[in-house]
Amino acid sequence: MKIFTAEQIRSWDQFTISQEPISSIQLMERASMSVANWISEHCKNHKKMVVFCGNGNNGGDGLAVARMLYLKGFDVDVFVKELKGKFSENALVNLKRLADISGISVRNFNQIESYSFDDKTIIIDALFGTGLSRPLDGEYKELVELLNTKDNIKVSIDIPSGLPTDGLLHEDSVILKTDYTLSFQCWKRSFLHPETGKYAGKIKVLNIGLHREYEEAERTNYFVIDDDFAESIFKPRNDFAHKGNYGKALVVGGSYGKIGAAVLATKAALKTGSGLTFTLAPQCGYEILQTSCPEAMFVKGGELWVDHFDFDKGMTVGIGPGLGTHEDTRKGFLSFLKNYSTSLVLDADALNIISENEENLVFIPEKSIITPHPKEFERLFGKTENSFKRLKLAVEKAKELTIYIVLKDHHTQIITPNGKVFYNITGNAGLAKGGSGDVLTGILTSLLAQGYSVEDTCMLGVWLHGKAADLAAEKYSKESMLPTDVIDELGNVFAELNAKTNKKL
């Protein structure tokens with residue numbers, strides 16, 4: 001799914017109006033109906049709605065939603081800044097339509113102090129949409145500050161009021177902190193970064209029928225990896241295939257006291273389907289690895305730590321989990337890296353060793369995958385002020401080094417050498433545990449070994465990791481789920497993928 005800027009979204013609206021053809025008020029009615037339908041379907045236990053409307057088209061959406069919810073049987077109250085204020089043309093049309101419904105009261109903002117919010121009241125935010133380019137001020141700022149003190153469920157139409165669409169907040173901005181955002185047609189970048197996404201709650205993207213031709217033709221460098229995207233990448237197994245068709249995956253990692261990381265990566269590679277899986281680790285991990293991962297083959301790389309990186313050609317390599325940074329490991333790894341030219345996966349201590357000297361970056365083979373979390377990224381490329389600037393720097397470095405950067409975060413970003421950014425929307429806070437990154441390294445190494453392109457490996461791998469984590473969280477909770485639970489759920493994710501992609505009678 002493409003991500004568009006606020007300006008592109010406005011152009012999309014206008015393109016739809018001109019090409020369908022449809023009037024702007026009819027398009028507003030269609031969008032509002034999608035909101036009203038979602039609310040009526042998901043808020044059946046809440047009979048009272050209070051809708052806060054601005055004077056622009058987002059307010060027009062809110063006024064139309066209020067009318068539709070009332071006709072669906074909800075008790076609805078509406079607040080506007082002032083009844084005789086200046087409204088947009090479409091908002092004024094919907095305000096007049098409300099006047100014909102005696103059961104809906106329309107009040108001014110200055111009456112909010114005397115309004116009674118009971119526990120079952122849902123607050124619907126339709127103050128400002130994607131067109132807002134300045135911080136909230138005056139009565140709007142005061143209103144949002146007041147609404148933020150309420151414990152009621154809050155639902156924002158298209159975007160929380162006060163939140164920028166495409167970037168960072170203004171200093172000291174006031175933004176409505178909502179529980180649900182019903183976004184029209186596509187994700188916004190501000191939903192996907194920690195500094196801004198925390199205001200948007202759960203995102204529900206509503207299809208309001210904007211013209212497909214615009215979406216297909218319009219260019220962007222930003223995308224969301226959703227389930228449909230992942231299904232288009234996935235390659236079901238050929239019934240006549242054999243293990244030689246699915247590659248040789250080699251996990252390089254482990255050191256005394258950190259063999260568990262190599263175990264997790266190896267198990268993940270096996271569960272993701274590599275034809276043959278090997279683990280190059282120190283001798284101290286031999287019994288642990290052979291016992292916990294009997295399907296994988298052990299390659300000795302040292303005694304207490306890996307000090308040499310010798311393996312057969314034709315293997316796809318993932319390096320880093322539990323590797324450690326011993327001097328012998330550092331020397332051996334850098335020597336290997338200087339003489340290796342094939343795409344590989346680098347994580348954890350492999351990245352920490354590279355980050356010791358900026359000059360080491362040029363030794364990363366082109367089209368390799370690196371998977372830093374924010375601190376590892378900082379050690380590699382330098383400190384940035386926020387996640388938007390970190391992503392900008394990642395785009396520059398991916399182009400400069402011709403590598404793929406999997407920048408781990410709540411919404412992990414995949415940055416390609418040609419400057420494209422893919423945000424992953426699977427996964428949850430249960431992955432915020434040691435070992436989760438090792439699992440991802442194993443998944444990526446396995447997919448790359450199976451012949452997926454580097455770009456598809458990144459996108460499908462990160463999606464798989466997050467999807468398995470979502471299943472694990474459902475079973476065990478975000479607090480109690482373990483990285484091993486994520487590995488165990490990979491089979492269920494593949495089962496779902498196969499069920500959706502295989503043709504059935």
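Lysine 367 is partly exposed in this predicted model, with a relative accessible area of 48%. The residue sits in the loop that runs between helix H12 (348–354) and strand E14 (369–370). Its backbone deserves a look as well: phi of lysine 367 is near 65°, a positive value in a residue other than glycine.

A positive phi also turns up at glutamine 185, where the angle is near 75° and the residue is again not a glycine. Glutamine 185 belongs to the loop between strand E6 (180–184) and helix H6 (194–197). With a relative accessibility of 11%, glutamine 185 counts as buried, whereas lysine 367 is partly exposed. Proline 21 is placed in the loop between helix H1 (6–19) and helix H2 (24–42).

Turning to the fold as a whole, the protein contains 17 helices and 17 strands. Its radius of gyration is 26 Å, close to the 23 Å that the globule rule gives for 505 residues, so the protein is as compact as a globular protein of that length. The C-alpha trace spans about 80 × 55 × 45 Å along the principal axes. Of the 505 residues, 57% count as buried, and carbon and sulfur atoms account for 47% of an accessible surface of about 22300 Å². When contacts between residues at least 6 apart in sequence are considered, 71% of them join residues at least 24 apart. As for charge, the mean positions of the 57 positive and 65 negative charges are 2 Å apart.

Ten of the strands form an open sheet with mixed pairing, in the order E8-E17-E16-E15-E14-E13-E12-E9-E10-E11. Strand E8 (222–225) and strand E11 (297–300) stand at the edges with a single partner strand each, so one side of each has no neighbour in the sheet. Within the sheet, strand E9 (residues 248–252) pairs with strand E12 (residues 316–319) in the parallel sense over 4 bridges. Alanine 249 has threonine 316, in E12, as its bridge partner.

Strand E1 (residues 48–53) holds valine 50, which counts as buried at 0% relative accessibility. Beyond its neighbours within four places in sequence, valine 50 is in contact with Asp77, Phe79, Tyr115, Phe117, Thr121, Ile122, Ile123 and Ile124. Serine 255 lies 205 residues from valine 50 along the chain, and the C-alpha atoms of the two are separated by 59 Å.

Definitions and conventions: Residues numbered from 1 in each chain as written. Predicted model: local features only at pLDDT ≥ 70, side-chain atom pairs only at ≥ 80, totals over all residues. Heavy atoms only, no water. Helix = DSSP H or I, 4+ residues; strand = E, 2+ residues; numbered from the N terminus. Rg over C-alpha atoms; globule rule 2.2 N^0.38 Å. Buried < 20%, exposed > 50% of the residue type's maximum accessible area, 1.4 Å probe, protein only. Contact = heavy atoms within 4.5 Å. Areas by Shrake-Rupley, 256 points an atom, 1.4 Å probe, with all protein chains shown as cover. Lys, Arg positive; Asp, Glu negative; His and termini not counted. Charge placed at Lys NZ, Arg CZ, Asp CG, Glu CD. Pairing = 2+ DSSP bridges.
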